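Subject: Structure handover

Hi,

Here is the structure I promised to pass on to you. Please have a look at it first, and then read my notes below.

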Amino acid sequence: MLLLGLALLTHAACVGRPSMLMQLHVLNRIGYGPDAWSLARIEQLGSLEAYIEEQLHPELLDDSALEAEIASRYPVETMSYGASRNLYNEYTFNPETGPLAPIRDATRAKTLRSVKSKKQLEQMLVDFWYNHFNVDAKKAGARWGFLTLERDAIRPNVLGNFETMLEATAKNPGMLDSLDNAVNFKDGFVYLNTPLGINENYAREIMELHTLGVDGGYTQGDVREVARALTGWTTAILISNTTNGFQYLLQSHDKGAKNIMGVLKLPENRGQVDGYDVIHFLATHPKTAELVSRKLCQRFVAEPPPEALVQAAAQTFLSTEGDLRAVMRTILLSPEFLSLTYAGTKVKRPFVYVTSLARVVGINDDALFAASMDSRLQDLGEGLYRAEDPTGYPDSSRFWAGEGPRVLRINLAWSAMHGDLGFNPVFAVTGTTPKQIVEQLVQQYLRVGIETSTRTALQTLVQSLPVTARVEQTAATLMTTPEFLVH
Amino acid sequence: MAMSRRDFLVTASASLGALAVPATLLRARPARASGSAPVLVALYLRGGADALNLVPPHGDAAYYTARPRIRVAPGTQLDLDGFFGFHPGLAPLHPFYRNGRLAVLHACGSASGTRSHFDAQDFMEFAAPDNKTIQVGWLNRFLTAAGTTSPISAITIENQPAKALVGPVSTMAIPALSRFSLEGTYTTERRQAIQTISRATTNSLLRVMGGSTTLDVLDLVQSINTATNITYPTTRLGSALKDLAALIKVDVGVRVAAVNHANWDHHANETTAFPEMAGDLAGSLAAFATDLGSDLDRTVVLVMSEFGRRVAENGALGSDHGHGGVMLALGGAVQGGQVLLRNDTWPGLAPARLYQGIDLAGTTDFRDVFAEVLDRHMGLNNPSPVFPNYTLDIARYPGLFT
């Protein structure tokens with residue numbers, strides 16, 4: 001009996017609740033920071049592993065109320081490419097229905113979703129993959145296609161198959177237009193009265209940025225061969241209300257044989273299959289497995305990522321032929337991730353700062369919050385859907401370092417803690433001494449300890465302020481301390 | 001066959017007597033306005049600016065053959081020296097060329113043949129072609145060598161520091177002076193707290209965010225008067241240069257600045273996009289130079305891009321990534337009014353003269369341009385530490401300064 005009792009005790013100790021530090025680390029990395037629901041969910045499920053497994057199956061979670069709210073506020077979110085293009089067309093100068101309305105509404109929808117969704121990992125992954133396949137929504141040809149790129153090409157596949165995602169992005173009108181594959185035709189082909197020809201832009205970037213990487217072993221000649229294979233993959237001219245914006249223009253395809261990297265040899269006269277074959281070749285290539293794994297580990301684990309984990313994830317990618325859920329399991333259930341080794345080693349880029357602030361402070365005016373954050377994010381240098389390079393925004397702490405953004409965060413935290421911009425702080429502070437006020441604010445908003453020097457400085461701040469201003473001003477300052485600026 | 005431009009120039013080039021003297025013995029020092037320190041502005045044209053259309057070699061018939069649809073129409077260029085011209089969009093800069101304040105450097109390139117924007121930009125900003133282990137900016141290495149004198153010695157007018165400025169010496173990144181101020185109430189008290197916290201924190205990541213210097217600079221920046229009579233283009237570049245001019249004129253210690261101009265990646269419809277881009281570049285630079293007034297004497301703006309573009313036009317009325325490109329140098333100390341080429345020779349556009357048979361050759365290594373600017377304008381006696389794995393030789397300095 002005694003032995004059994006000891007065994008039970010030992011077992012209980014092993015599956016005890018994870019420390020708050022660990023919970024915060026996980027919530028700060030696989031989502032946009034802790035909120036009441038996510039902390040309670042970890043407690044309910046009993047372990048971080050269980051929480052992560054559930055996040056890997058977002059179909060099990062219910063966001064229907066949120067999605068209904070978003071659909072009603074921002075109708076473009078549920079429109080087809082064709083319908084949105086016809087409605088928010090370039091001939092309307094009304095900002096409500098002009099061509100910039102989709103990007104405005106999509107930005108607000110994404111901000112709300114990232115703050116309120118239970119499917120935090122899915123939102124993070126959609127952001128990651130959009131950035132990977134970045135299209136600048138401000139570009140004339142991408143103003144409608146960027147949204148379907150995210151919603152239809154990326155979101156359904158973030159925990160699905162990489163090749164399926166890649167193929168869907170290759171057919172997206174925003175992608176086709178901004179990387180010029182929409183005008184990639186066999187040399188001499190006359191299109192809309194203009195003689196056109198091979199355009200290398202997308203062919204280069206699909207290899208350099210989306211799959212193999214710049215050291216993927218392809219040459220200038222291979223870039224041209226891939227371009228030839230992708231001729232004819234273009235945008236629809238006639239925009240019906242149901243079109244997804246893609247058309248394959250048979251007669252513009254370069255029918256000759258192609259040789260890509262000496263490995264993929266495509267015989268002549270195979271039409272659109274050339275493009276599918278190239279996509280398959282690139283999507284299942286070991287270099288792609290490594291590039292994708294490295295970027296995911298950099299985003300979720302550490303900068304630079306631990307090499308052993310990158311290789312393990314790449315191995316999973318290859319052995320599952322690009323099953324992204326499996327790859328994420330390898331990463332998120334790894335000892336490298338599920339430990340405090342890399343906790344707090346990334347600087348929160350603007351979108352993460354803004355959303356994590358909203359999740360701990362609370363918002364009570366969704367429309368105002370979403371609208372306010374749109375311009376703030378642009379000021380902070382991370383306007384959603386507005387990164388100008390196909391590389392997207394860099395995932396590197398030092399490139400988010402800047403004095404301007406630091407000051408802007410200080411100002412944003414002040415507005416939030418004073419209930420502006422849709423924020424709704426409800427302070428759980430009952431104490432009156434500087435020590436009590438600081439302790440209770442730290443407990444409410446950070447949930448873990450802060451450096452002694454920070455604590456002392458905040459107490460001094462409390463003392464220097466009139467009683468009526470103490471809580472808000474200190475709370476505002478707390479949200480710009482090192483502990484909250486990193487994750 | 002490579003052409004010597006002497007075949008095209010009426011007057012003989014003013015060749016430097018310096019070429020006959022052993023390089024190590026000759027250290028020419030430019031005359032500079034006494035008092036204030038020299039300033040270097042690195043203006044980066046992102047995307048691979050099309051050198052052949054920015055500064056078309058109108059004296060080279062092959063230019064027109066290679067680009068029947070996207071060439072600068074003959075006669076519309078603004079002539080520079082009888083062989084090269086400016087795209088008409090660069091009109092606002094033409095007077096500076098004629099007045100000897102602007103020099104052009106053509107057929108500039110990198111030792112790396114990469115046609116990836118992202119690698120080529122890195123290799124240039126880290127001044128380490130084909131070397132991915134070096135991740136420190138050339139201007140940051142300059143700061144290490146020269147020392148900084150003020151918290152605002154080096155600044156990027158952007159939300160994040162330019163890669164050319166990334167490195168162990170901390171630098172500033174401010175996108176707009178007007179937004180750089182604390183809002184709300186009790187700013188004095190809060191600022192005090194934040195400053196104390198930033199200085200005392202052991203969090204090394206936050207050093208990256210410039211924690212303690214941020215607020216030191218706030219006062220400095222908030223006191224700057226950005227009002228000016230000069231009208232700048234209402235573009236991002238115009239606003240950035242306007243703020244930068246204010247910072248330079250008030251002389252708070254800015255020595256090095258980085259500014260970006262996007263996007264020059266003209267894969268399609270180049271002739272429709274180019275005039276506006278060129279106009280923005282030239283209009284903003286012209287306003288900047290005028291606004292600086294006498295401070296232009298101690299300032300040099302070096303305009304660069306990761307590579308030029310393909311000689312032949314592509315099938316989408318644009319051009320693909322190339323190799324050799326163009327640089328511009330604008331400033332009071334610059335020996336302007338000339339188009340500088342390595343050995344005074346235009347490599348030419350015949351296929352046999354092209355890089356890999358398709359691109360303009362890069363006969364002037366961009367590092368030699370950087371080195372001359374650091375040496376003869378910024379006063380760095382020995383710029384070698386800024387250029388790892390590269391042996392400098394003043395005989396290769398393009399001749400931007402006497």
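Helices (H or I, at least four residues) and strands (E, at least two) are DSSP runs, numbered from the N terminus.

Before the rest, some bookkeeping. Residues are numbered from 1 along each chain as its sequence is written, while chains are lettered from A and ligands numbered from 1 in the order in which they are written. Please keep in mind that this is a predicted model, in which local features need pLDDT of at least 70 and side-chain atom pairs count only at pLDDT 80 or more, whereas totals for chains, interfaces and linings use all residues.

Back to α4(B). It is largely enclosed by the rest of the structure, because 7 of its 9 residues are buried. Here a residue is buried if 20 or more other C-beta atoms lie within 10 Å of its own, exposed if 12 or fewer, and partly exposed in between, with C-beta atoms placed from the backbone. The buried residues of α4(B) are H117(B), A120(B), Q121(B), D122(B), F123(B), M124(B) and E125(B). Their cover includes α5 (138–146), β9 and α11 (366–377) of chain B.

Next, the strands of chain B. I say that two strands pair if DSSP finds at least two bridges between them.

- β10(B), residues 325–331, is largely enclosed by the rest of the structure, since 7 of its 7 residues are buried. Both of its faces are covered: G325(B), M327(B), A329(B) and G331(B) are buried on one side, and V326(B), L328(B) and L330(B) on the other.
- β5(B), residues 102–109, pairs with β10(B) in the antiparallel sense over 6 bridges. V104(B) has L328(B) as its bridge partner in β10(B).
- β9(B), residues 299–305, is also antiparallel to β10(B), joined to it by 4 bridges. Here V303(B) stands opposite L328(B).
- β2(B), residues 39–45, has 7 of its 7 residues buried. On one side these are V39(B), V41(B), L43(B) and L45(B), and on the other L40(B), A42(B) and Y44(B).
- β2(B) pairs with β9(B) in the parallel sense over 7 bridges, and L43(B) has V303(B) as its bridge partner in β9(B).
- β2(B) also runs parallel to β8(B), residues 256–261, through 6 bridges. Y44(B) stands opposite N260(B) in that strand.

Of its 257 residues, I331(A), V104(B), L139(B), L244(B), L302(B), M327(B) and A329(B) touch the most other members. Helix α10(B), residues 270–292, supplies the largest share of this core, with 11 residues. This helix of 23 residues reaches 32 Å from its first C-alpha to its last, close to the 33 Å expected at 1.5 Å a residue (the expected span is 1.5 Å times one less than the number of residues). Just after α10(B) comes G293(B), with a positive phi of about 60°.

As for L139(B), its contacts (C-beta atoms, placed from the backbone, within 7 Å) beyond the neighbours within four places in sequence are A42(B), A154(B), A164(B), L165(B), V256(B) and A258(B).

How many residues does each chain bring to the contact between A and B? Chain B brings 43 residues and chain A brings 52. On the chain B side, α6(B), residues 187–200, gives the most, with 7 residues. A193(B) lies in this helix and counts as buried because it has 27 C-beta neighbours inside 10 Å. Apart from neighbours within four places in sequence, A193(B) is in contact with A457(A), L458(A), T460(A), L461(A) and T477(A).

Finally, chain A, which has 24 helices and 6 strands. Its C-alpha atoms fill a box of roughly 80 × 65 × 40 Å along the principal axes. Of its 487 residues, 52% are buried.

Happy to talk any of this through.

Best wishes

Note on methods: Core = buried A, V, L, I, M, F, W, Y, C linked by C-beta atoms within 7 Å. Contact = placed C-beta atoms within 7 Å.
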